[in-house]
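Student: I would like to learn how to read the main features of a structure, one at a time. Could we go through it together, with the general idea before the case at hand?

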Amino acid sequence: MSRLELVLITGMSGSGKSVALRALEDAGYYCVDNLPPELLLSFVALEQQIEARHVAIAMDVRSAQSLPQVPAQLRELRTRGVGLRSIFLDSTTDTLVRRFSETRRRHPLSGMRERLTGAAPASPDVQHALVEAIELERELLADLREQALVIDTSAIRSAQLQAHVRSLVAAADSQLTLVFESFAFKRGVPVDADYVFDVRMLPNPHYEPELQPLTGRDQPVIDYLAARDEVQQMLAHIRGFLERWLPALARNQRSYVTVAVGCTGGQHRSVYLVEQLAATFGTRWTTLKRHRELASH
């Protein structure tokens with residue numbers, strides 16, 4: 001019997017789960033949206049019987065009452081030999097409020113606290129009620145988020161999210177996957193980061209006219225930063241930290257670690273450092289790169 005590769009997509013309402021599922025469908029996965037958790041084990045067993053190879057399932061807070069079953073079910077699937085990847089899509093509360101306001105959609109948990117307790121609505125203000133529903137959703141999904149690779153969709157477009165998801169499922173199935181992400185502090189710190197390194201104090205190629213339109217992936221910028229002692233010291237310190245602690249994280253059964261490197265604009269210094277770190281650690285670990293602020297990624 002061929003091994004089943006299963007991708008579980010969960011996350012906040014409005015964070016892009018349907019976009020991620022479409023990316024997997026385009027990659028050849030058989031996709032099921034909003035599968036009730038009660039059906040997960042039997043559904044996977046059926047797919048194994050027909051020797052399916054690639055399956056993706058999206059679950060969300062519409063199954064709130066049965067979501068607590070899922071972490072134990074995922075452990076069971078791993079014991080059955082299923083190749084499992086769990087992806088959690090997240091966004092800042094402000095971003096989610098804006099998206100719901102723009103689409104005029106109703107949050108699936110609107111009024112749930114009142115339905116569960118019989119209490120009067122907490123606030124007549126629509127936006128305040130939406131924020132309450134989002135925070136309740138975070139509470140209900142916290143256990144699933146803890147066990148998954150988190151992708152922050154707050155500041156990325158649909159095409160970028162699809163590329164991230166495709167690169168993730170294409171990566172080798174190993175005990176630990178490293179994700180290196182560059183970003184701009186002026187657009188916010190990624191909520192998916194396990195470690196954040198601030199490199200805004202380093203020499204900035206932005207102030208060199210000939211380098212300003214380039215990025216940290218272009219050779220003139222690489223040469224500029226490679227020649228700066230402070231940049232190389234920072235690179236060595238980040239490498240040293242990760243070399244010291246990654247083996248411990250792997251022994252602790254961590255599946256994913258996201259390392260975010262931020263500068264002011266997310267174009268030069270952070271991009272350069274992410275490229276260098278990915279090259280170093282890619283020889284020993286499954287390694288992915290994201291450049292949040294670069295238009296082509």
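Student: Which residue in S3 is the bridge partner of Ile9?

Tutor: Before the answer, please keep in mind that this is a predicted model. As a general idea, the strands of a sheet pair through backbone hydrogen bonds, and the pairing is either parallel or antiparallel. Here the bridge partner of Ile9 in S3 is Ala58, and this bridge belongs with the pairing of S1 and S3, which runs in the parallel sense over five bridges.

Student: Over how many bridges do S1 and S4 pair, and in which sense?

Tutor: Strand S1, residues 5-11, and strand S4, residues 83-90, pair over seven bridges in the parallel sense. Within S4, Phe88 stands opposite Thr10, while Leu89 stands opposite Gly11. As for solvent, S1 is mostly covered, with six of its seven residues buried.

Student: What is the order of the strands in the sheet?

Tutor: The sheet is open and has five strands in the order S2-S3-S1-S4-S5, with parallel pairing. Strand S2 (30-33) and strand S5 (149-152) are at the edges and have a single partner strand each, so one side of each lacks a neighbour in the sheet. From one strand to the next, the twist averages 20°.

Student: Which strands does H6 touch where it packs on the sheet?

Tutor: H6 touches S1, S4 and S5 as it packs on the sheet, and the direction of H6 makes about 150° with that of S4.

Student: At what angle do H4 and H6 pack, and how far apart are their axes?

Tutor: In general, two packed helices are described by the angle between their axes and by the distance between those axes. Helix H4, residues 93-103, packs with helix H6, residues 126-146, at an angle of about 125°, the axes being 10 Å apart. This angle makes H4 oblique to H6, and the crossing in which H4 passes H6 is right-handed. On the H4 side the contact is made by Thr93, Leu96, Val97 and Phe100, and on the H6 side by Gln127, Leu130, Val131, Ile134, Glu135 and Arg138. Sorted by class, the contact of H4 with H6 has six nonpolar, two polar and two charged residues.

Student: Why are H2 and H3 described as roughly parallel to each other?

Tutor: The axes of H2 and helix H3 (residues 70-79) cross at roughly 25° and come within 10 Å. Angles under 35 degrees count as roughly parallel, and therefore H2 and H3 are roughly parallel to each other. H2 passes H3 in a right-handed crossing, and the residues that meet are Leu40, Leu41 and Val44 in H2 with Gln73, Leu74, Glu76 and Leu77 in H3. By class, the contact of H2 with H3 has five nonpolar residues, one polar and one charged.

Student: Turning to backbone angles, what is the phi of Glu51, and where is Glu51 found?

Tutor: Glu51 has a positive phi of about 60°, although Glu51 is not a glycine, and it is found in the loop between helix H2 (40-49) and strand S3 (54-58). With a relative accessible area of 47%, Glu51 is partly exposed.

Methods
Residues are numbered from 1 along each chain as its sequence is written. This is a predicted model: local features need pLDDT of at least 70, side-chain atom pairs count only at pLDDT 80 or more; totals for chains, interfaces and linings use all residues. Side-chain values use heavy atoms; hydrogens and water are left out. Axes are lines fitted to C-alpha atoms, for helices over the stretch in contact, and angles run from 0 to 180 degrees between N-to-C directions. Helices (H or I, at least four residues) and strands (E, at least two) are DSSP runs, numbered from the N terminus. Angles under 35 degrees count as roughly parallel, over 145 as roughly antiparallel, 65 to 115 as roughly perpendicular and the rest as oblique. A crossing is left-handed if the near helix is turned anticlockwise from the far one by less than a right angle, and right-handed if clockwise. Contact means heavy atoms within 4.5 Å. Ala, Val, Leu, Ile, Met, Phe, Trp, Tyr, Cys and Pro count as nonpolar, Asp, Glu, Lys and Arg as charged, and the others, Gly among them, as polar. Two strands pair if DSSP finds at least two bridges between them. Buried means under 20% relative accessible area, exposed over 50%, partly exposed in between (1.4 Å probe, protein chains only).
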